[in-house]
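Work through the exercises below with the structure in view. Try each task before reading its solution.

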Amino acid sequence: MLRETLEEIGLADFVYEHVGNIIYERTVLGRHENHYFIVFKITSDEVFTLGDEAVAHKTFSEAALRRALKETPEQFGDAFFALLKQFYPHML
């Protein structure tokens, strides 16, 4: 998790909390897939910088995220909804 956080968003100085683990199952193009997510909440005063593998990011307030989840759910992947349902059901 420490290495991935540095690679993906350039943060080395942060506090983290393990939220939980979830297996997300889906079928894509007739192929059954299992995705294992280990979810952490990280907090930092540093400004993060996207790594080479990322294209963009978007920041939401909690109110704006709730609104976007209802009004434009297509901008979020199905796995995101599975994570919300498991760990943050109050957001749905």
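**Exercise 1. The core**

Which residues make up the largest nonpolar core?

Solution. Keep in mind that this is a predicted model.
- Step 1. List the members: Leu 65, Ala 68, Leu 69, Phe 76, Leu 84 and Met 91 form this core of six residues.
- Step 2. Find the main contributor. H2 supplies the largest share, three residues.
- Step 3. Pick one member, Leu 69. Leaving aside residues up to four places away in sequence, Leu 69 touches Phe 76, Phe 80, Phe 81, Leu 84 and Met 91.

**Exercise 2. The overall layout**

State what pattern the protein chain follows along its sequence.

Solution. 
- Step 1. Count the elements: the protein chain has three helices and two strands.
- Step 2. The pattern reads α-β-β-α-α.
- Step 3. The C-alpha trace spans about 40 × 30 × 25 Å along its principal axes.
- Step 4. Check burial: 22% of the 92 residues count as buried.
- Step 5. Residues 24 or more positions apart account for 47% of them.

**Exercise 3. The largest pocket**

Describe the lining of the largest pocket by residue class.

Solution. 
- Step 1. Start with the volume of the largest pocket, about 1,400 Å³.
- Step 2. Take the lining of 30 residues. Ile 9, Phe 40, Lys 41, Ile 42 and Phe 80 lie nearest the centre of the pocket.
- Step 3. Trace the lining to its elements. Helix H1 (2-9), E2 and helix H3 (78-87) each supply at least two residues. E2 gives the most, with seven residues.
- Step 4. Sort the lining by class: 19 nonpolar, six polar and five charged.

**Exercise 4. Buried or exposed?**

Decide whether Thr 5, Leu 29 and Asp 52 are buried or exposed.

Solution. 
- Step 1. Recall the cut-offs: buried means under 20% relative accessible area, exposed over 50%.
- Step 2. Take Thr 5, in helix H1. Its relative accessibility is 10%, so Thr 5 counts as buried. Not counting residues up to four places away in sequence, Thr 5 touches Gly 10, Leu 11, Phe 14 and Ile 42.
- Step 3. Take Leu 29, in the loop between strand E1 (15-28) and E2. At 84% relative accessibility, Leu 29 counts as exposed.
- Step 4. Check the backbone of Leu 29. Its phi is near 50°, a positive value in a residue other than glycine. Most residues other than glycine have a negative phi.
- Step 5. Take Asp 52, in the loop between strand E2 (31-43) and helix H2 (62-71). Asp 52 has 84% relative accessibility, so Asp 52 counts as exposed.
- Step 6. Compare sequence with space. Asp 52 and Ile 9 are 43 residues apart along the chain, and their C-alpha atoms are separated by 9.4 Å.

Key:
Residues are numbered from 1 along each chain as its sequence is written. This is a predicted model: local features need pLDDT of at least 70, side-chain atom pairs count only at pLDDT 80 or more; totals for chains, interfaces and linings use all residues. Side-chain values use heavy atoms; hydrogens and water are left out. Helices (H or I, at least four residues) and strands (E, at least two) are DSSP runs, numbered from the N terminus. Buried means under 20% relative accessible area, exposed over 50%, partly exposed in between (1.4 Å probe, protein chains only). A nonpolar core is a set of buried Ala, Val, Leu, Ile, Met, Phe, Trp, Tyr and Cys residues joined through side-chain atoms within 4.5 Å. Contact means heavy atoms within 4.5 Å. On a 1 Å grid over the protein atoms alone, a cavity is a set of points where a 1.4 Å probe fits but cannot get out, and a pocket is an open set with protein on both sides within 12 Å along at least five of seven lines; lining residues have an atom within 4 Å of a point. Grid points are joined across faces, edges and corners, and a volume is the space filled by probe spheres set on the points. Ala, Val, Leu, Ile, Met, Phe, Trp, Tyr, Cys and Pro count as nonpolar, Asp, Glu, Lys and Arg as charged, and the others, Gly among them, as polar.
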